[in-house]
Amino acid sequence: MINADSLDRRVTIERPVADPSFDGAGSGAWEVVATVWASVQDALPSRAERLADGLNIASRPARVRMRYRTDITPAMRFVIGDRVMQIVAGPAELGFREGVEFMAEDYSTAGNPA
């Protein structure tokens, strides 16, 4: 089901690591779990904008497919070059343990950056 030729992007999978200090709540770091070959397909453009706490946020969803793995959870994230994406759905098993698919999103504030 997963064609090796379609796995054309290097994706780094990271998991959150909590800060063990007493006053370190919310200041954890990210640790690399693995770097794998994957297929990343952006969803077609739409009006994927919303208002969050008064800021206009534009989401950029994508489908990420890779060979079958059992160690990826929705608490993790994908890093593709300078693009950081949170996992919003999945994993969905493709075939009989041939691959997994995730929906992921990165965010940017919409509008004029100036």
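Contact is taken here to mean heavy atoms within 4.5 Å. The structure is a predicted model, in which local features need pLDDT of at least 70 and side-chain atom pairs count only at pLDDT 80 or more, while totals for chains, interfaces and linings use all residues. Residues are numbered from 1 along each chain as its sequence is written, and side-chain values use heavy atoms, with hydrogens and water left out.

The protein contains zero helices and seven strands, where helices (H or I, at least four residues) and strands (E, at least two) are DSSP runs numbered from the N terminus. The order along the sequence is β-β-β-β-β-β-β. Of the 114 residues, 30% count as buried; buried means under 20% relative accessible area, exposed over 50%, and partly exposed in between, with a 1.4 Å probe and protein chains only. Among contacts with a separation of 6 or more, 58% are accounted for by residues 24 or more positions apart.

The largest nonpolar core has 18 residues, of which Ile13, Val64, Met66, Ile72, Phe78 and Phe102 touch the most other members. Such a core is a set of buried Ala, Val, Leu, Ile, Met, Phe, Trp, Tyr and Cys residues joined through side-chain atoms within 4.5 Å. At least two residues of this core are supplied by each of β1 (9–17), β2 (29–42), β4 (55–67), β5 (77–80), β6 (83–94) and β7. Strand β2 gives the largest share, four residues. In soluble globular proteins, nonpolar side chains tend to be buried together. Leaving out residues up to four places away in sequence, isoleucine 13 touches Glu31, Val32, Val33, Ala34, Val36, Met66, Arg69, Ile72, Met76, Arg77 and Phe78.

One aromatic pair is found in a search of the whole structure. Phenylalanine 78 and phenylalanine 102 form this pair, which is edge-to-face, with 5.5 Å centre to centre and 75 degrees between the planes. Rings of Phe, Tyr and Trp (its six-membered ring) pair if their centres lie within 6.5 Å; planes under 30 degrees apart count as stacked, over 60 as edge-to-face and the rest as tilted. The pair links distant parts of the chain, since phenylalanine 78 is in strand β5 and phenylalanine 102 is in strand β7, 24 residues apart. Both of these phenylalanines are buried.

Strand β5 is covered on both faces, with Arg77 and Val79 buried on one side and Phe78 and Ile80 buried on the other. Strands β1 and β5 run antiparallel and are joined by three bridges; two strands pair if DSSP finds at least two bridges between them. Threonine 12 has valine 79 of β5 as its bridge partner. Valine 79 is in turn the bridge partner of valine 84 in β6. The pairing of β5 with β6 is antiparallel, over four bridges. These two strands form a hairpin with two residues between them, and glycine 81 in the turn has a positive phi of about 65 degrees.

A positive phi, of about 60 degrees, also occurs at arginine 97, although this residue is not a glycine. Most residues other than glycine have a negative phi. Arginine 97 is placed in the loop between β6 and β7 and is exposed, with a relative accessible area of 53%.

Glutamate 101 lies in β7 and counts as buried because its relative accessibility is 16%. The side chain of glutamate 101 makes a polar contact with the side chain of arginine 65 at 2.5 Å. A polar contact is a pair of N or O atoms within 3.5 Å; within protein, one must be able to donate a hydrogen and the other to accept it, and residues adjacent in sequence count only if both atoms are side-chain atoms. Beyond four places in sequence, glutamate 101 is in contact with Arg63, Val64, Arg65, Gly90, Pro91, Ala92 and Leu94.Glutamate 105 is also placed in β7 (residues 99–109) and counts as buried at 17% relative accessibility. With residues up to four places away in sequence not counted, glutamate 105 touches Ser59, Arg60, Pro61, Val84, Met85, Gln86 and Val88. Valine 88 is found in β6 and counts as partly exposed at 42% relative accessibility.
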